[in-house]
Structure formats: C-alpha cells, structure tokens
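Let's take a friendly walk through the aromatic contacts of this protein. Have a look at the rings and the charges around them.

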Amino acid sequence: MISVNNVSMRYGAKVLFEDVTTTFIAGRRYGLTGPNGSGKSTFMKVLAGDLDAQKGTVVRPKKVSVLRQDQYAFDAFRVIDTVIMGNKGLWAALEEREHIYAKPEMSDEDGMRLGELEGIVGEEDGYTAESDAAILLQGLDIPDEFHDRKMSELQGGQKVRVLLAQALFGKPQALLLDEPTNYLDLDSIHWLQDFLEHFEGTLITISHDRHFLNSVCTHTADIDYETIITYTGGYDDMVVAKTQIRSRLESQNEQREKKIAQLNEFIARFSAGTRSSQVTSRKKEVERLQTTELARSNIARPFIRFDMLRPSGKHILEFDSLIKRYSDQQVVKDFSGSVMRGEKICLMGRNGLGKTTLLKSLLSGLPDLVEKDFQLDGGTVKWGHEAQVGYFPQDVSGLIDKGTTVAEWLHNFDPQASNEDIRGILGQMLFRGEEGLKPTDALSGGEAARLIFCRLMMQKPNILALDEPTNHLDLESINALNIALQRYEGTVLLVTHDHDLIDEVATRIWHFDGSAIEDFKGPYEEYLAATAAVR
C-alpha cells in the first residue's frame, strides 16, 4: 500500500496538484492518467521517492520497484545481472558473498557472515534468480543469446525492455511503471498485460495505450482540476464516470446560480421597504447557496480530419517479388501483392522484423519520401493513377526545418493558404494563439508529431503511410487519430503496436513472423479467430 497525505506540487504559477490525499491499495492496479504536462511523471517520482513533494508526505512499502529511464546507467553490467539488480537486497547479498569468496583466506566472521548471506539469498529466491530473470527477458523479446552480453552492446529499445524486466523482477510490494509499453511490440505488450494481471502488489502505471489501461487497470487515478480523483475501472470507465460527475456538478451550479439570481432580485426590490426580516433571511440563503467556481479541466482534445484533394484510381498499388537486404540479412523476402483504393492495412509483428523496411520499400520510388540512398535489392513497385502519398515516418524530427516558426514552416506546403487557414489547422492540433509563433527548434516530440499531422491535413493526400504515429502522442491525440483514420476515405498503410488502432481501423493485416509476411484480407478480429483456429 502507498499512502499519500496532503501532497502538493506547483511550478511557478502553474499548479499541478494541490492537497492530494489518497491511498493506493495492495492488490489493485491503478492507471495514472491526465494530459501531457498535467504532472503524471512528477507525481510518479514523488511516489517513488525520487522527488520530494513541496508539501505533504508519502508512506510507501519497503520493496518499491520503479521503471528506470536512464538507458546508460547499467552499460558496464551484463544484461542478466541488470535484471537481478531490480531486487536490491538480493543483489547486495550476492555481491558481498562473491567478495568474501574472493578472499584468499576466510575468517570465522566471514564464515558466519556467509551463512547470513546464504539465508538472504534463499529468502529472496536467489538460487533461481538467473532463470527467473531469463523468463522475463524472453517474454519481453530479449533472446537468450543477449543475456550474457553487456548492456552497452544493446540498442536503445532493447535497453528499455531490459530495464522493464528489472522493474518486474524480485516480487516487489509496489510497482511504478512510467510508459512501460514504449518500444514493445504487440506480442510483448500482451505478455506484459498477462504478467501484470497476476501481480499481487500495488501497481501504478502511466500509459498512452488505451487498450493496455483498459485491460490491466482495476482503478484509474486521474490528474485534472488541480487534484487527483480515483475512479473504479479502466480508462474508458473513468472517462464515462468523469463526464457524468462533471455534468452533474455543472448542472447543480447552474441551478444554484438561477436561485441566487431570484433571491438577489427580491433583495434589491425590498431592501429599503418593510420586509427587512424576509430580506435578511434571503441574504443568508444567498450566502448558503453561493456557488463555488469549478476548476477548469486541463484536458485539450485535438481535432484530426484527413480529407482528399482528389480520389486515387481503383488499383492503387502493385508490387512484385520485393527484396531488401541490410548487409547479409535479408529483411524483406520475395513479397508480392496489390492494394485497392480504400483498404486500411496494418503492418504488425515483433520489432526488428522489417515493418518499417517494407513501408520504405513501397515508398522508395516516390520522390522525397524516404532517404535517397534507400534502394530495393529486387522486385518492382507500381503506384496507380493519381496516387498521392502522405508519409509520417517513425522519426519526424528530421522533417521539420530549424530556424523558423511553426506557422511559417507549415505555410511552405501551401503558399496560397491564408493566415486564417494556417491558424485554423494549427488550432485544431492545439497550436493556439501565440503557439503558432513557436520556434521549430523548441518543439517537443509530441508537438513535432502534431505538426506533421497539420501538414498531412493541409496536403490532403489520398494515401496515408504512417510508421508508428502514436509514439509521442497522449491519449486524447491517439483517440483523435483513431477516429480520423476510421473516417478517412482514402488508403492507409499503418505500422503500429496500438491494439485499439489495429482492431478499429484495419481492414487487412500484413503480419511479420520472421520467415515471411502473412497477408490476411480481413479485420484484426477475424485474423485472431483464424490464427486461433490454426493453433
């Protein structure tokens, strides 16, 4: 259990949350929600003890495990050891035991201490520690051959998954996970969901994956209105309850304001007359009914709508015997197919199997969409009549020129557009007022992603090629993208690990399984049913 009492945090004039008192109970799994900038990560650091609250106290259990974000902190250690370090008491005992055994001669005191250490190792399941750590790593798609390597040899995404395994290791009493699904493919996300559903301690997690929150969480702690309110259920349950409560409060306030207006009218008419006792009682009634100003929500919802300048031809894309290699590794292997207008294809599968490579292969013949040195090693790609592609790459930072403003950069893609048109599109994606004058050098990852969506909305392509577009978006932006893609009348090629996007948008699946690409013509629900039938 984690107990929070009168905790407050503010930065300058901005109040994140004030006088928060709540309890996170063992056996419950909490999603910590709120828009970007609301203070989710700050509150998580306060819970972990990494940051002192400006006011109030936090009481936490002895064994609290936290998903660490520093990818380089463990570069000198083996991968398997990094995971075991998640149990600090066990790791300290193992290190001290090794130090004693390394002595040329042991004293009686050393022998007694070894006995104590062996007791700690046994109590903390130290004799199965390496096999337990290996199971976690395998579930998070870190193969056995990496387990004895140094962390410095791993790529960034792999390091993040090892740090997640570290947080899960050692049966902590409380588990604090900030964006645990980052860098995970869908199989690993499903594995993590299953692991957390069986976790017996207190879980608090931040995530921008709606399906993950709905699947894992028994409760939702929402940061809004400068406080934290806990709701029963997952993210969708919270949204419904929060809307109902807010509507009821606003309705009650409205009724009180009407009553106050009637009473004040009576007071104004008769205050100078003979009905002083009635006036006095109505003044007291006004004081009793005085409405409290409701705090404003800090949730900002973007509006995304993809239109087409003109439709494409019916046969939008044909490709035959595509081959793409990197050094000796053949990533795309003799893949052929065709795409019809209006199809929405999701590319899914484990990380590193070639989803991005296939997308780039299909776009390689189109000018200025992928790197100029990207060349197919075999096969042909033919785009159909009037094909106009809008591309959202995995890394959007290189697409936005530095040394200009958000509005000026966007204007380059349609010099004929009026300033009102530019401001309108920027406003839809939350660049309101002075935000349109923000230097492009100062954009965060989420802001850069939203600006690329502004460009796509302005260009009005009839084909959208999107490579993990949700990486830097908050839940409100991801929901807006989901709705926009469902309503879009053009063709979509989408790389994503977001379960709800795949489930609600895809009309066709290209599944990468390592040896080949399976082309399933149907939505995700039918694909799962067909896969289950084969098994």
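## Charges over rings

R149 lies over the face of F146, 4.4 Å from the ring centre. A charge counts as sitting over a ring if NZ of Lys or CZ of Arg is within 6 Å of the ring centre and within 35 degrees of the ring normal. K324 also meets this rule: its charged end is placed over the ring of F374, 4.5 Å from the centre.

## About the model

This is a predicted model, in which local features need pLDDT of at least 70 and side-chain atom pairs count only at pLDDT 80 or more, while totals for chains, interfaces and linings use all residues. Residues are numbered from 1 along each chain as its sequence is written, and side-chain values use heavy atoms, leaving out hydrogens and water.

## Aromatic pairs

Rings of Phe, Tyr and Trp (its six-membered ring) pair if their centres lie within 6.5 Å; planes under 30 degrees apart are stacked, over 60 edge-to-face and the rest tilted. The model has 13 aromatic pairs by this rule. One of them joins F306 and F453, a tilted pair with 6.2 Å from centre to centre and 50° between the planes. It links distant parts of the chain, 147 residues apart: F306 is in the loop between helix 10 (276-289) and strand 10 (315-326), and F453 is in helix 14 (residues 445-459). Helices (H or I, at least four residues) and strands (E, at least two) are DSSP runs, numbered from the N terminus. Both F306 and F453 are buried, meaning under 20% relative accessible area (1.4 Å probe, protein chains only).

F306 also pairs with Y488: the ring centres are 6.0 Å apart and the planes are at 75°, so this pair is edge-to-face.

## An aromatic cluster

Finally, F17, F24, Y30 and F43 come together as one aromatic cluster.

Terms used: Buried < 20%, exposed > 50% of the residue type's maximum accessible area, 1.4 Å probe, protein only.
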